[in-house]
Amino acid sequence: MHTLVRQTSLTALTLVLLLLAGLALPANEVQAETFRCKYFILPMPKHWSLINGPFKKGGGETAVLGRRDRKASIQLIYGTSVKENFRTIVDGYAKSLKARAVYTSPSQAWFDTTRRGQTMRFHFCQDEVESLLAIYILNGKPEEMAFIHTKLQTKYKGLVPLRAQTAGTTKGKK
């Protein structure tokens, strides 16, 4: 009987300690989510989460991250690609969306476009060493999605998107 009382007291004490630890955290502190895939890890700000995917598409994978208030989203498309196809892929997307790509390096490009009244920024990144391609489609204010440039963790340095040099433009230069 004495052992049962001691075990019950320890269980109650453990429960009280856990509850007190939970009260020590700020009430509005939301644990940020982290998106992980084969090629990179992307810690997201609070109020962001995985909305769709990841699922296989066209030999690669795609996923959509978004703010819970639905005011911004990022579509991620990533997988293997032939190095020589990079410019064809970028120009094909740009042409289909009536935009002009800005090449910041042989393996980085971006453009802005408007579709159904929403401004979108496309970033194309290729890791030439591993023949990997990532396309980041930002829907919303680019400054609210800066974490894509600063928080992305990967051993494939070519997959990290550089910030577009001319924010807010709808047409770039080749």
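What volume does the largest cavity have? In this predicted model, the largest cavity has a volume of about 30 Å³. The count of cavities of 30 Å³ or more comes to one. Its lining is formed by Thr104, Gln108, Ala109, Trp110, His123, Leu162 and Arg163. Among the elements, strand 7 gives the most to the lining of this largest cavity, namely three residues.

The overall plan may be considered next. The secondary structure of the protein chain consists of three helices and nine strands. Followed along the sequence, these elements give the pattern α-β-β-β-β-β-α-β-β-β-β-α. The protein chain has 174 residues, of which 37% count as buried. Among contacts in the protein chain with a separation of 6 or more, 46% are between residues 24 or more positions apart.

Phe40 deserves a separate description. Apart from neighbours within four places in sequence, Phe40 is in contact with Phe35, Leu76, Tyr78, Tyr136, Leu152, Gln153, Thr154 and Leu159. Lys155 is 115 residues from Phe40 in sequence, yet the two lie 7.6 Å apart in space, C-alpha to C-alpha. Lys155 is found in the segment after helix 3. Its relative accessibility is 67%, and Lys155 therefore counts as exposed.

Attention now turns to helix 2 and its surroundings. Which residues of helix 2 are buried? In this helix, which spans residues 86-96, the buried residues are Phe86, Val90 and Ala94. Viewed down the axis of helix 2, its buried residues fall within an arc of 55 degrees, so they line one face of the helix. Thr88, Lys95 and Ser96, on the other side of helix 2, are exposed. The cover over the buried residues of helix 2 includes strand 6 (102-105), strand 7 (108-115), strand 8 (118-127) and strand 9 (132-139). After helix 2 comes Lys98, which has a positive phi, near 55 degrees.

Ser81 is placed in the loop between strand 5 (73-80) and helix 2. Is Ser81 buried or exposed? Ser81 counts as buried because its relative accessibility is 13%, and buried means under 20%. When residues up to four places away in sequence are not counted, Ser81 touches Ile89, Gln126, Ser131, Leu132 and Leu133.

Conventions: Residues are numbered from 1 along each chain as its sequence is written. This is a predicted model: local features need pLDDT of at least 70, side-chain atom pairs count only at pLDDT 80 or more; totals for chains, interfaces and linings use all residues. Side-chain values use heavy atoms; hydrogens and water are left out. Buried means under 20% relative accessible area, exposed over 50%, partly exposed in between (1.4 Å probe, protein chains only). Helices (H or I, at least four residues) and strands (E, at least two) are DSSP runs, numbered from the N terminus. The arc is that of the directions from the helix axis to the C-beta atoms. Contact means heavy atoms within 4.5 Å. On a 1 Å grid over the protein atoms alone, a cavity is a set of points where a 1.4 Å probe fits but cannot get out, and a pocket is an open set with protein on both sides within 12 Å along at least five of seven lines; lining residues have an atom within 4 Å of a point. Grid points are joined across faces, edges and corners, and a volume is the space filled by probe spheres set on the points.
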